[in-house]
Amino acid sequence: MTKKAGKVPAKGDKKVAPSSGSAGAPRINIGISERDRAAIAEGLSRVLADTYTLYLTTHNFHWNVTGPHFNSLHAMFMQQYTELWGSTDVIAERIRALGHYAPGSYAEFSKIATVPDVPQQPPKAMEMVRILVKGHETVSRIAREFIPVAEEAGDDPTADMLTARCTVHDQTAWMLRSLLEE
Ligand SMILES: [Fe+2]
């Protein structure tokens with residue numbers, strides 16, 4: 001059975017990416033059906049929530065890392081949170097281009113994110129690295145899940161963007177994972 005874009009499950013009890021636009025503006029006519037655009041916007045909202053949560057975790061670890069590897073991890077986390085921060089804008093603006101509002105609140109993100117919230121108590125440095133490996137792997141899996149959905153709807157720009165996100169997350173997970181090897 002082939003996947004249909006309309007089958008993307010909404011997480012939670014309400015749509016997180018409601019459609020936007022007003023009676024005064026022309027209808028969106030970019031060759032992707034309204035139903036498919038809605039489904040893709042929901043999927044992208046989940047990727048956005050997870051990316052944002054991972055961004056905040058990484059920035060928190062940049063602030064709170066301690067120990068003999070402080071310098072290298074502090075700098076590495078900065079490079080990573082900067083990349084993640086930039087990507088949230090690209091994901092959110094793709095949702096807007098598809099005619100939906102992008103979620104952007106802690107309340108909404110916490111409802112739909114799969115990546116767990118930032119730990120209350122800063123973990124030890126190598127535990128931070130472990131948490132970030134899992135986070136990048138999780139976002140990669142979530143993004144990858146939606147690539148065929150976008151492809152089947154003919155939404156190549158979204159499919160390409162999600163593919164690029166997977167490349168970054170897989171590479172970052174590898175770099176972090178390497179720190180944990182003896
Ligand atoms: Fe800083």
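Ala, Val, Leu, Ile, Met, Phe, Trp, Tyr, Cys and Pro count here as nonpolar, Asp, Glu, Lys and Arg as charged, and the others, Gly among them, as polar. The model is predicted, so local features need pLDDT of at least 70 and side-chain atom pairs count only at pLDDT 80 or more, while totals for chains, interfaces and linings use all residues. Residues are numbered from 1 along each chain as its sequence is written, and side-chain values use heavy atoms, with hydrogens and water left out.

**View 1. The second largest pocket.** This pocket has a volume of about 160 Å³. A pocket is an open set of points on a 1 Å grid over the protein atoms alone, with protein on both sides within 12 Å along at least five of seven lines; a lining residue has an atom within 4 Å of a point. The volume is the space filled by probe spheres set on the points, which are joined across faces, edges and corners. Its lining consists of Tyr52, Thr53, Leu56, Tyr106, Phe109, Ser110, Ala113, Val115, Pro116 and Asp117. Helices H1 and H3 (106-112) are the elements that give two or more residues to this lining. By class, the lining has seven nonpolar residues, two polar and one charged.

**View 2. The largest pocket.** About 290 Å³ of space lies in the largest pocket. Of the 13 residues that line the largest pocket, Ser20, Arg27, Ile28, Arg37 and Gly99 lie nearest its centre. Six of the lining residues are polar, four nonpolar and three charged.

**View 3. Helix H1 and His59.** Helix H1 covers residues 34-64 and includes His59; helices are DSSP runs of H or I with at least four residues, numbered from the N terminus. From first to last C-alpha, the 31 residues of H1 reach 44 Å, close to the 45 Å expected at 1.5 Å a residue, where the expected span is 1.5 Å times one less than the number of residues. In H1, 26 of the 31 residues are buried (under 20% relative accessible area, with a 1.4 Å probe and protein chains only). His59 counts as buried because its relative accessibility is 13%. The side chains of His59 and Tyr81 make a polar contact at 3.3 Å (a pair of N or O atoms within 3.5 Å, one able to donate a hydrogen and the other to accept it; residues adjacent in sequence count only if both atoms are side-chain atoms).

**View 4. The largest cavity.** About 40 Å³ of space lies in the largest cavity, a set of grid points where a 1.4 Å probe fits but cannot get out. H1 gives the most to its lining, with four residues.

Notes: Buried < 20%, exposed > 50% of the residue type's maximum accessible area, 1.4 Å probe, protein only.
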